[in-house]
Amino acid sequence: MTAQNIQTFRGVLLDQMTIDALLLAEQLAGLGQFPIMQGSFTQGAVSASAGTHDGGGAIDVGIHSGDDPWDVQVTKVRSLRQAGFAAWRRTPPAFPYHIHAILIADPWVSPGAAEQIDQWHQHLNGLAGHGPDDDPVDVEAGRPSVVTTPPPAPRPNRRKLDEEVV
Ligand SMILES: [Zn+2]
């Protein structure tokens, strides 16, 4: 097994394989460094969290408070998925704009994150409601190909999502 080697990276805690995967995603995206909103090993510091960031492999990538152009958001999600993350955009009103990502191969993920990986394999969105993965891009065989048009405005009655806050 790879050494875990937890370290501070750009101000957050990450293990080495998550850092490596993040750097690969950034290289694939070609957009420079991704803004990191939250890392791994938060140990429940986020009180409303279901603990998906309490173990390894977890990272939240900013999409500039929703100001990223649509194609930039898509590129970020795609590159994270290509680099081995279960990655989903999280959007208002339930969340601030960001991409929540769990490194699928990381053996140190928290139980909550492991449940999200299970959802990933079922093409679900990793949230408490077990909704479909409705992100616009997916690189796994048999999943929808890239959608190039922006989504409709957020649904006003969108299900309240309570599994994570950031
Ligand atoms: Zn997250």
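**Figure 1. Packing of the buried residues of α3.** In this predicted model, the buried residues of α3 pack against β4, β5 and β6. Ala113, Gln116 and Trp120 are buried in α3. These residues cover an arc of only 55° around the axis, so they sit on the same side of α3. Pro111, Asp118 and His121, on the other side of α3, are exposed. Histidine 123 follows α3 and has a positive phi, near 65°.

**Figure 2. Helix α1 and its buried face.** Helix α1 covers residues 16-29, which makes 14 residues. From its first C-alpha to its last it reaches 20 Å, close to the 20 Å expected at 1.5 Å a residue. Which residues of α1 are buried? They are Met17, Thr18, Ala21, Leu22, Ala25 and Ala29. Seen down the axis of α1, the buried residues fall within an arc of 140°, and therefore they line one face of the helix. The buried residues of α1 pack against β2 (12-14), β4 (58-62), α2 (70-82), β5 (85-90) and β6 (98-103).

Figure 3. Of the 6 residues of β6, 6 are buried. In a regular strand the side chains alternate between the two faces of the sheet. Both faces of β6 are covered: one side has His98, His100 and Ile102, the other has Ile99, Ala101 and Leu103, and all are buried. β4 and β6 run antiparallel and are joined by 5 bridges. Within this strand, alanine 101 is the bridge partner of isoleucine 59. β5 and β6 also run antiparallel, with 6 bridges joining them. Histidine 98 of β6 is the bridge partner of arginine 90.

**Figure 4. The largest nonpolar core.** In soluble globular proteins, nonpolar side chains tend to be buried together. The largest nonpolar core here has 26 residues, and those that touch the most other members are Leu80, Phe85, Ala87, Ile99, Ala101 and Ile102. Two or more residues of this core come from each of α1, β4, α2, β5, β6 and α3 (111-121). Helix α1 gives the largest share, 5 residues. Leaving aside neighbours within four places in sequence, isoleucine 99 is in contact with Asp60, Val61, Ile63, Lys76, Val77, Leu80, Ala87, Trp88 and Arg89.

**Figure 5. Glutamine 73 in helix α2.** Glutamine 73 is found in helix α2. Is glutamine 73 buried or exposed? Glutamine 73 counts as buried because it has 23 C-beta neighbours inside 10 Å. Neighbours within four places in sequence aside, glutamine 73 is in contact with Ile63, Asp68 and Arg89. Glutamine 73 and isoleucine 63 are 10 residues apart along the chain, and their C-alpha atoms are separated by 6.5 Å.

**Figure 6. Confidence of the prediction.** The protein has a mean pLDDT of 81, and 74% of its residues reach 70 or more. Confidence is highest in α1, at a mean of 96, and lowest in α2, at 88. Over residues 44-49 the pLDDT stays under 50, and the model has 9 contacts beyond four places in sequence for them. The pLDDT also stays under 50 over residues 155-163, for which the model has 14 contacts beyond four places in sequence.

Note on methods
Residues numbered from 1 in each chain as written. Predicted model: local features only at pLDDT ≥ 70, side-chain atom pairs only at ≥ 80, totals over all residues. Helix = DSSP H or I, 4+ residues; strand = E, 2+ residues; numbered from the N terminus. Expected span 1.5 Å × (residues − 1). Buried ≥ 20, exposed ≤ 12 C-beta atoms within 10 Å, placed from the backbone. Arc of directions from axis to C-beta. Contact = placed C-beta atoms within 7 Å. Core = buried A, V, L, I, M, F, W, Y, C linked by C-beta atoms within 7 Å. Pairing = 2+ DSSP bridges. pLDDT = per-residue confidence, 0-100.
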